[in-house]
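User: Can you walk me through this structure? I would like to go piece by piece.

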Amino acid sequence: MEIRINKYLAVAGVCSRREADRLVEDGRVTINGKVAENGCKVIDGDIVCLDGKQVAEKQKIVIAAYHKPVGVICTTSEKERPNLSDVIDFPERLFPIGRLDKSSSGLLLLTNDGELADKLMRGRYDHEKEYIVKTDKPLTDSIVDAMEQGVPILDTMTKPCKISERDGNIFHITLTQGLNRQIRRMCEYFGYRVTSLHRIRFATISLGNMKDGDFRLLTDEETKSLYDEIS
């Protein structure tokens, strides 16, 4: 059976397909000793290596929740510090499902299941992500209405969102997509500056009472709820 190299790495629990494409582009992946190219296919018996180390068969699926503090960078790359590898003490390689920028905090999901990560990150599945946002001044009713309908950023129009629980310059916003720095860009479009951005929910998983820097494995019930989301 043939399988594309990016899917092979995702199924093996190395990373998401998107990240796999980057690893291949960087020349870090080989198939039977030859540097792989995006689109290459792997067949039974092929030896796939990442950074010279053979990619092992997928181990038991792990999904975890982490309360990311401000300042931590959502990567496992040693080029950027402090990164997830620096702050999370776990024996198995996990990678983030989506990202929170360095200045943001809150719930970050991590896993070794690349297929799950890919489906949860794809905007067309409309998985909700909820944030508490603080801006430099309160949003007006007209701005809330406009923002909920969609905002032109990054050469596209954002999907409709929901803004709730407004209290002065603090509000909740629920998105179903994850464009680069989306909330910050949406606010900037209307002349607002985000001073604090904190994610409290990703799909069916809530941050709850986890404290800054806390890390925990999801319960069986929570794990099932995520797979139900993508089924």
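**Strand pairing and cysteines**

Analyst: Let us begin with a pair of residues: cysteine 49 has glutamine 54, in β6, as its bridge partner. Keep in mind that the model is predicted.

User: How do β5 and β6 pair, and over how many bridges?

Analyst: The pairing of β5 and β6 is antiparallel, over 2 bridges. Both strands belong to an open sheet of 4 strands with antiparallel pairing, in the order β3-β2-β5-β6. At the edges are β3 (34-35) and β6, each of which pairs on one side only.

User: What sits in the loop between β5 and β6?

Analyst: Aspartate 51 is found there, between β5 (48-50) and β6 (53-54). Its phi is positive, near 55°, and aspartate 51 is a residue other than glycine.

User: Back to the cysteines. How many disulfides does the structure hold?

Analyst: The number of disulfides is 0. For cysteine 49, the nearest cysteine sulfur is that of cysteine 40, 14 Å away. Cysteine 74 is in no disulfide either, and the nearest cysteine sulfur to it, that of cysteine 15, is 16 Å away.

User: Are cysteine 49 and cysteine 74 buried or exposed?

Analyst: Cysteine 49 counts as buried because its relative accessible area is 14%, and the cut-off for buried is under 20%. Cysteine 74 has a relative accessible area of 2%, so cysteine 74 is buried as well.

User: New topic, the helices. Which residues of α5 are buried?

Analyst: In α5 the buried residues are Ile143, Val144 and Met147. They lie on the same side of α5, because the arc they cover around the axis is only 100°.

User: Why would residues a few places apart point the same way?

Analyst: An α-helix has 3.6 residues a turn, so residues three or four places apart point the same way.

User: And which residues are exposed on the other side of α5?

Analyst: Asp141, Ser142 and Gln149 are exposed there.

User: What covers the buried residues of α5?

Analyst: The cover includes β13 (162-167), β14 and α6. After α5 comes glycine 150, which has a positive phi near 130°.

User: You mentioned α6. Which of its residues are buried?

Analyst: Gln182, Ile183, Arg184, Met186 and Cys187 are buried in α6. Their cover includes β10 (129-135), α5 (141-149), β11 (152-153), β14 and β15 (194-202).

User: What is found on either end of α6?

Analyst: Arginine 181 is found in the loop between β14 (170-175) and α6 (182-189). Although arginine 181 is not a glycine, its phi is positive, about 50°. Just after α6, glycine 191 also takes a positive phi, of about 90°.

User: How exposed is arginine 181?

Analyst: Arginine 181 is partly exposed, because its relative accessible area is 37%. Partly exposed is the range in between buried, under 20%, and exposed, over 50%.

User: Which residues is glutamate 130 in contact with?

Analyst: Apart from its neighbours within four places in sequence, glutamate 130 is in contact with His172, Ile173, Thr174, His198, Arg199, Ile200 and Arg201.

User: Where is the cis peptide bond?

Analyst: The cis peptide bond joins arginine 81 and proline 82, with omega about -10°. Proline 82 is found in the loop between β7 (63-68) and α3 (84-87).

User: Now the whole chain. How many helices and strands are there?

Analyst: The chain has 7 helices and 17 strands. Of its 231 residues, 45% count as buried.

User: How many of the contacts join residues at least 24 apart?

Analyst: The share is 63%, among contacts between residues at least 6 apart in sequence.

User: Last one: what is the accessible surface of the chain?

Analyst: The accessible surface is about 12400 Å², and 46% of it belongs to carbon and sulfur atoms.

Definitions and conventions:
Residues are numbered from 1 along each chain as its sequence is written. This is a predicted model: local features need pLDDT of at least 70, side-chain atom pairs count only at pLDDT 80 or more; totals for chains, interfaces and linings use all residues. Side-chain values use heavy atoms; hydrogens and water are left out. Buried means under 20% relative accessible area, exposed over 50%, partly exposed in between (1.4 Å probe, protein chains only). Two strands pair if DSSP finds at least two bridges between them. A disulfide is a pair of cysteine sulfur atoms within 2.5 Å. Contact means heavy atoms within 4.5 Å. Accessible areas come from the Shrake-Rupley method with a 1.4 Å probe; for residues, only the protein chains shown count as cover. The arc is that of the directions from the helix axis to the C-beta atoms.
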